[in-house]
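Trainee: I would like to go through this structure with you, starting with how its parts meet. Can we look at it together?

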Amino acid sequence: MDTPIKKHVLLAICGGIAAYKSAELVRLLRKKGLDVRVVMTVSAHEFVSPLTFQALSGNPVHLQLLDAEEENAMGHINLARWADVVIIAPATANTIAKCAHGLADDLVTTLFLAATCPLYMAPAMNQSMWNKAITQDNISKLESYGVVFIGPDSGHQACGEVGYGRMAEPADICQRVCEHLTVPMMAQPKISALAGVKVLITAGPTREHIDPVRYITNRSSGKMGYALACAALKAGAEVSLISGPVNLAEPVGVDFIQVETAAQMYEAAMARAADVDIFIAAAAVADYTPSLTENVKIKKICDQTSILLNKTQDILAAVALLTPAPFTVGFAAETHDLETYAQDKLRKKKLDMIAANWVGRAEGGFDSEQNALEVFWQNGRTSLAMASKTVLAEQLINSIATRFNEKKSRS
Ligand code: PMT
């Protein structure tokens with residue numbers, strides 16, 4: 001991905017164990033040609049030495065709000081003016097709360113208040129603290145003022161608990177910030193994470209006919225797949241969308257292919273998969289189809305009846321087996337053992353990535369406006385917290401673009 005040279009990133013680091021990850025973030029941002037300056041809260045330098053960030057950023061690290069020496073060189077207002085973007089990573093519950101209430105009692109919160117450029121926060125905290133209504137209220141408030149949150153991810157935490165609260169991966173934060181700096185701030189044609197990349201997406205359910213009036217289907221609304229198609233378009237991709245029957249408007253700007261059955265979806269996907277760079281299987285394809293479709297309506301004669309079902313062809317596995325195969329991303333919809341089944345599908349179907357979601361719960365999954373995803377790839381993972389499918393799709397497309405571009409640069 002192209003990134004502007006010498007854009008100014010101000011990275012604010014708060015006191016949390018995730019502060020060590022910010023060292024990698026500085027390295028990645030510098031690698032993209034960005035000029036990085038670091039500010040730290042007092043408790044942040046209990047976790048990582050300012051010298052680490054000075055060495056990695058190539059700039060002095062700012063620690064004090066009222067430091068006569070620094071004030072002469074570059075006061076907090078100048079520092080805020082200097083920045084093209086401010087990232088607070090890790091952002092602790094305490095700093096988030098202070099920012100949400102306009103408090104400015106240290107350098108980080110003062111910069112937050114003084115900055116007029118876009119503001120990003122990558123929260124990191126214990127999962128109970130993250131889930132507290134007061135924290136969520138603070139986040140909603142900051143979002144309503146335009147602050148963009150990246151993460152947090154879910155998983156094992158330093159405190160031994162499991163849940164949401166881990167800081168997003170430095171690669172994902174870097175990707176989001178670079179996209180921001182590249183797209184709106186450069187007075188030149190849009191350069192996006194997937195510019196010119198061909199993406200094929202499946203979405204929605206399939207219908208497997210029993211007779212002319214009955215069929216087997218599932219609760220997929222197509223919302224996740226359609227949101228992915230829009231997010232990929234926004235990222236500059238050429239998008240083809242193969243859709244099962246849903247009640248959604250055809251997204252403008254995509255090559256749209258309407259299908260009904262699993263067999264039709266298989267034919268449509270296989271006819272195009274060899275010509276695309278990325279394949280994303282968000283459809284809930286029927287695993288089984290009636291071995292026979294009756295030509296006439298089945299009459300209610302017996303007390304019991306049964307339908308013999310045959311396994312459908314696995315579209316995702318078939319695409320991943322092509323040589324060369326596109327960068328292949330599957331979904332896993334699970335009611336239990338989410339990670340085990342997702343990792344199993346990733347390995348057995350030879351996928352590049354898999355996005356796993358819970359289904360059959362009150363929130364997320366099928367036919368919901370919101371969703372949350374656990375995303376896995378070989379030797380890596382990220383968690384995308386519960387959000388609207390539109391927001392989530394943009395995050396997933398970013399993550400896919402990062403991995404796709406990494407794989408491309410290796411080959
Ligand atoms: O459409 P929404 O209402 O927005 O809901 C979104 C969703 C829950 C449908 C979506 O997020 C999702 O999880 N899609 C995959 C659903 C599914 O069928 O999961 P699975 O674990 O049964 O299948 C694993 C993968 O194999 C999926 O990528 C699926 O598309 C693919 N598959 C399955 C069977 C088959 N015959 N061919 C396939 O390609």
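Trainee: How much area is buried between domain 1 and domain 2?

Mentor: Keep in mind that this is a predicted model. The contact draws on 11 residues of domain 1 and 13 residues of domain 2. Carbon and sulfur atoms give 36% of the buried area, which is about 960 Å².

Trainee: Which three residues supply 41% of the area that domain 1 buries against domain 2?

Mentor: No other three residues of domain 1 supply more of that area. One of them, Asp-172, also meets the side chain of Arg-403 in a salt bridge of 3.6 Å, N to O. The three are Tyr-164, Asp-172 and Gln-175.

Trainee: How far apart are the C-alpha atoms of Ala-195 and Met-129?

Mentor: Ala-195 sits in the loop between helix H10 (170–182) and strand S8 (198–203). Beyond its neighbours within four places in sequence, Ala-195 is in contact with Ala-235 and Gly-236. Met-129 is 66 residues from Ala-195 along the chain, and their C-alpha atoms are separated by 39 Å.

Trainee: Is Glu-334 buried or exposed?

Mentor: Glu-334 forms a salt bridge with Lys-345, with the closest N and O atoms 2.6 Å apart. Lys-345 belongs to helix H14 and Glu-334 to strand S16, 11 residues apart. Lys-345 has a relative accessible area of 27%, so it counts as partly exposed. Glu-334 has a relative accessible area of 8%, and the cut-off for buried is under 20%, so Glu-334 is buried.

Trainee: How many residues apart in sequence are the parts that Arg-207 and Glu-260 tie together?

Mentor: The side chains of Arg-207 and Glu-260 meet in a salt bridge at 3.7 Å, N to O. Arg-207 lies in the loop between S8 and strand S9 (208–211), and Glu-260 in the loop between strand S12 (255–258) and helix H12 (262–273), so the parts tied together are 53 residues apart.

Trainee: In which helix do Glu-24 and Arg-27 both lie?

Mentor: Glu-24 and Arg-27 form a salt bridge, their closest N and O atoms being 2.9 Å apart. They are three residues apart, about one turn of the helix, and that helix is H1.

Trainee: Which residues make the nonpolar surface patch of about 350 Å²?

Mentor: One member, Ile-17, is in the loop between strand S1 (8–13) and helix H1 (19–31). Ile-17 counts as exposed because its relative accessibility is 53%. The patch is made by Ile-17, Tyr-20 and Phe-47.

Note on methods: Residues numbered from 1 in each chain as written. Predicted model: local features only at pLDDT ≥ 70, side-chain atom pairs only at ≥ 80, totals over all residues. Heavy atoms only, no water. Patch = residues over 30% accessible without salt bridge, like charges linked within 9 Å, V, L, I, M, F, W, Y side chains within 5 Å. Areas by Shrake-Rupley, 256 points an atom, 1.4 Å probe, with all protein chains shown as cover. Salt bridge = Lys/Arg side-chain N within 4 Å of Asp/Glu carboxyl O. Helix = DSSP H or I, 4+ residues; strand = E, 2+ residues; numbered from the N terminus. Buried < 20%, exposed > 50% of the residue type's maximum accessible area, 1.4 Å probe, protein only. Contact = heavy atoms within 4.5 Å. Buried area = accessible area lost by both parts, 1.4 Å probe.
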